Amino acid sequence: DVEINICPIQGRRVLFQDQLQTVFPLQIQTSKRCNVLIPASALYPKSAVRQAGVNLYFQEHSIARLMERIDCMSEVQIFESLHTSFLNPEVIKMSGSKFLVSYYVDGIKLGYFVLIVSEGIAVVKTFLFLTNDGTPEGNMLNNRLNMSKHEKKHFSLDKLSSFYYSNIDQDQVIRDILIKSGCRNLVGLKKRLKILSEERLNLIPQSLPTHESIRNYIQLENVA
């Protein structure tokens with residue numbers, strides 16, 4: 001068996017965004033405990049410098065956002081998927097030393113980790129659900145729905161449960177908008193993604209969004 005955890009007892013202080021921040025390593029436990037590295041080639045594919053990997057650390061905030069936004073999945077499934085997502089990471093280079101690392105569960109992309117390279121280590125700043133502002137899909141969705149960050153949050157469109165348990169994708173127009181915005185993975189999600197444990201069902205919002213409420217709010221008939 002493999003134990004995967006974010007180790008809170010080996011925090012490291014790093015200069016991050018002009019402030020000293022405490023970050024924690026991602027570790028796996030097999031015959032011995034070791035820190036997980038992110039392949040340097042994934043971050044710098046054109047670099048001539050050969051380096052096996054960069055030590056991977058997480059801010060506490062990033063794990064809180066991961067648990068909040070992947071809200072209807074067990075902790076075991078969440079962390080196993082986190083680990084596999086960094087084994088062979090799919091990386092998008094942003095500005096400066098900022099990267100997005102795709103988060104996959106059973107081959108289905110559900111979001112991104114925002115990663116900053118600082119002092120020779122990779123620091124995960126936060127986790128963004130697929131629809132969040134700052135992701136390629138979320139930015140396209142903004143343009144098509146004309147909804148602000150706060151409006152999407154109001155309808156809980158930044159959480160897995162809203163697409164897993166609601167009827168959002170039963171509306172053909174909304175389905176088309178999701179697909180055209182790169183969010184095809186969120187369409188018909190319950191048929192393709194198996195939740196291994198429902199231990200966190202109490203965290204799901206009591207009032208899930210509906211395609212009727214979204215249509216009424218943004219006058220969807222006028223959306224191109």
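Helix α4 (136-145) has as its buried residues E137, G138, L141, N142 and L145, where buried stands for under 20% relative accessible area, exposed for over 50% and partly exposed for values in between, with a 1.4 Å probe and protein chains only. These residues lie on the same side of α4, because they cover an arc of only 140° around the axis; the arc is that of the directions from the helix axis to the C-beta atoms. Helices (H or I, at least four residues) and strands (E, at least two) are DSSP runs, numbered from the N terminus. The partners against which the buried residues of α4 pack are β9 (108-118), α5 (149-154), α7 and α9 (211-218), with contact taken as heavy atoms within 4.5 Å.

A word on the model itself is in order. The structure is a predicted model, in which local features need pLDDT of at least 70 and side-chain atom pairs count only at pLDDT 80 or more, while totals for chains, interfaces and linings use all residues. Residues are numbered from 1 along each chain as its sequence is written, and side-chain values use heavy atoms, with hydrogens and water left out.

The protein has nine helices and 10 strands. Of its 224 residues, 49% count as buried. Among contacts with a separation of 6 or more, 59% come from residues 24 or more positions apart. The accessible surface amounts to about 11,600 Å², and carbon and sulfur atoms hold 48% of that surface; the areas come from the Shrake-Rupley method with a 1.4 Å probe, and for residues only the protein chains shown count as cover.

Rolling a probe the size of a water molecule over the atoms shows where empty space is left. Over the whole structure, one cavity of 30 Å³ or more is found. A cavity here is a set of points, on a 1 Å grid over the protein atoms alone, where a 1.4 Å probe fits but cannot get out, and lining residues have an atom within 4 Å of a point. The largest cavity holds about 80 Å³ of space, the volume being that filled by probe spheres set on points joined across faces, edges and corners. Its lining consists of T131, L141, L145, L157, F163, I168, I174, I177, L178 and I214. By type, nine are nonpolar, one is polar and none is charged, with Ala, Val, Leu, Ile, Met, Phe, Trp, Tyr, Cys and Pro counted as nonpolar, Asp, Glu, Lys and Arg as charged, and the others, Gly among them, as polar.

Backbone angles also deserve a look. Most residues other than glycine have a negative phi. N146, which follows α4, has a positive phi of about 55° although it is not a glycine. This residue belongs to the loop between α4 and α5 and is exposed, at a relative accessible area of 66%. S156 likewise has a positive phi, near 55°, and lies in the loop between α5 and α6, but S156 is buried, with a relative accessible area of 11%.

Methods:
On a 1 Å grid over the protein atoms alone, a cavity is a set of points where a 1.4 Å probe fits but cannot get out, and a pocket is an open set with protein on both sides within 12 Å along at least five of seven lines; lining residues have an atom within 4 Å of a point.
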